[in-house]
Amino acid sequence: MIPEVLTAGQFATVYNALSLVIAAQLFTAIFLVIALPRVLPRYRTALTIAAIVCGIAAYHYFRIFASFTEAFETETPGGLGDFSQAIGVGFNEGYRYVDWLLTVPLLLVELVAVLALTRKAQNRLLWMLVPASILMIAFGYPGEISSDPVARTIWGILSTIPFLVILYVLFVELTKSLAVQPVRVRRTLSNLRWLLLLSWGVYPIAYLLPSFDIGADGWVYKQVGYSIADIIAKAVYAIVIYQVARTKSFIEDPSFARAEEGHAGETAPAAARR
């Protein structure tokens with residue numbers, strides 16, 4: 001499904017999209033590590049997992065970026081001409097699926113961790129979410145690398161089945177757990193599920209684009225779609241997890257909140273404090 005030729009514009013579009021994801025994931029991971037002391041210890045596991053997710057994504061996007069730049073070459077000075085597939089070198093789409101196989105289960109663990117439920121409740125949710133997420137990615141990969149539209153469709157349908165299981169858990173089972181959360185974070189936690197649904201909804205659309213008769217644009221749009229979805233599902237999602245953890249930390253420990261507010265006041269510019 002990889003096009004033999006990309007125009008300069010198509011090449012630049014994918015190049016810039018991959019570069020954007022590297023920056024977003026890498027610096028989100030750095031921020032989360034620095035921000036660990038800004039939440040109570042019980043919520044640092046969620047932030048640590050979020051940082052690991054973004055770090056794994058940044059690493060794999062480095063590999064995707066390198067694979068992409070090696071897979072296409074041009075003889076035109078300045079890269080203004082068409083880019084053709086390099087002889088003996090292919091673009092490795094498998095990096096994405098290795099990344100998703102690791103990060104998608106961790107995203108769900110991240111969400112359950114920030115809820116700070118009892119161990120029994122956490123285990124019950126994770127035993128439903130993690131296996132389903134692994135199956136969703138595993139079923140998607142054979143279709144991704146297939147050039148047969150029928151095979152892509154069959155594997156896509158199989159991948160959708162565990163996806164529906166995840167949706168059931170997020171919007172039915174997880175709703176029961178929201179009742180024990182502080183009122184100030186219930187809406188945010190509820191919206192996190194919609195954020196996941198929004199970002200994950202991009203993947204099947206991008207997955208199907210190469211099957212339409214739109215030439216190399218289908219492949220380019222797929223790469224851009226995957227990239228945008230990964231930013232939303234990992235970097236943006238992680239920042240929201242941080243906000244939830246920080247809000248819950250303030251609610252549960254007023255002394256911690258006062259210390260944090262005092263620290264913020266000390267570090268604010270003098271003019272702002274006045």
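G88, at 82% relative accessibility, counts as exposed, where exposed means over 50% relative accessible area, buried under 20% and partly exposed in between, as found with a 1.4 Å probe on protein chains only. The place of this glycine is in the loop between strand 3 (83–85) and helix 3, and its C-alpha atom is separated by 24 Å from that of G9, which is 79 residues apart from G88 along the chain. The model is a predicted one, in which local features need pLDDT of at least 70 and side-chain atom pairs count only at pLDDT 80 or more, while totals for chains, interfaces and linings use all residues. Residues are numbered from 1 along each chain as its sequence is written, and side-chain values use heavy atoms, with hydrogens and water left out.

The C-alpha trace spans about 65 × 50 × 25 Å along its principal axes, and buried residues account for 46% of the 274 residues in the chain. Among contacts between residues at least 6 apart in sequence, 77% join residues at least 24 apart, a contact being heavy atoms within 4.5 Å. Q122, placed in helix 4, is 47 residues from E75 in sequence and 56 Å from E75 in space, C-alpha to C-alpha. When neighbours within four places in sequence are left aside, Q122 is in contact with V112, A113, A116 and L117.

The largest nonpolar core has 57 residues, of which V114, I166, L170, L189, L192, W200 and Y237 touch the most other members; such a core is a set of buried Ala, Val, Leu, Ile, Met, Phe, Trp, Tyr and Cys residues joined through side-chain atoms within 4.5 Å. Two or more residues of this core come from each of helix 1 (8–34), helix 2 (44–71), helix 3, helix 4, helix 5, helix 6 and helix 7 (216–252). Apart from this core lies another, of 21 residues, which includes L6, I22, V220 and A235. With neighbours within four places in sequence left aside, W200 is in contact with V104, L108, F163, I166 and A233.

Eight salt bridges are found in a search of the whole structure, a salt bridge being a side-chain nitrogen of Lys or Arg within 4 Å of a carboxyl oxygen of Asp or Glu. One of them joins the side chains of R96 and D230 at 3.9 Å, N to O, and this pair links distant parts of the chain, since R96 belongs to helix 3 and D230 to helix 7, 134 residues apart. R96 and D230 are both buried, the latter at 0% relative accessibility. D230 also forms a salt bridge with K234, with the closest N and O atoms 3.4 Å apart; both residues lie in helix 7, four residues apart, or about one turn of the helix. K234 counts as buried because its relative accessibility is 2%. A network of salt bridges links E93, R96, D99, K222, D230 and K234.

A further salt bridge is formed by E260 and R246, whose closest N and O atoms are 2.8 Å apart. E260 lies in helix 8 (residues 254–267) and R246 in helix 7, so the pair ties together parts that are 14 residues apart in sequence. E260 counts as buried at 9% relative accessibility, and R246 counts as buried at 17%.

The largest pocket holds about 420 Å³ of space. On a 1 Å grid over the protein atoms alone, where a 1.4 Å probe fits, a pocket is an open set of points with protein on both sides within 12 Å along at least five of seven lines, and lining residues have an atom within 4 Å of a point. Of the 20 residues that line this pocket, M136, S159, Y203, P204 and Y207 are the closest to its centre. Helix 3 (94–115), helix 4 (119–144), helix 5 (149–178) and helix 6 (183–208) are the elements that give two or more residues to the lining, and helix 5 provides the largest share, eight residues. By class, the lining has 14 nonpolar, five polar and one charged residues, with Ala, Val, Leu, Ile, Met, Phe, Trp, Tyr, Cys and Pro counted as nonpolar, Asp, Glu, Lys and Arg as charged, and the others, Gly among them, as polar.

Note on methods
Points joined across faces, edges and corners; volume = space filled by probe spheres on them.
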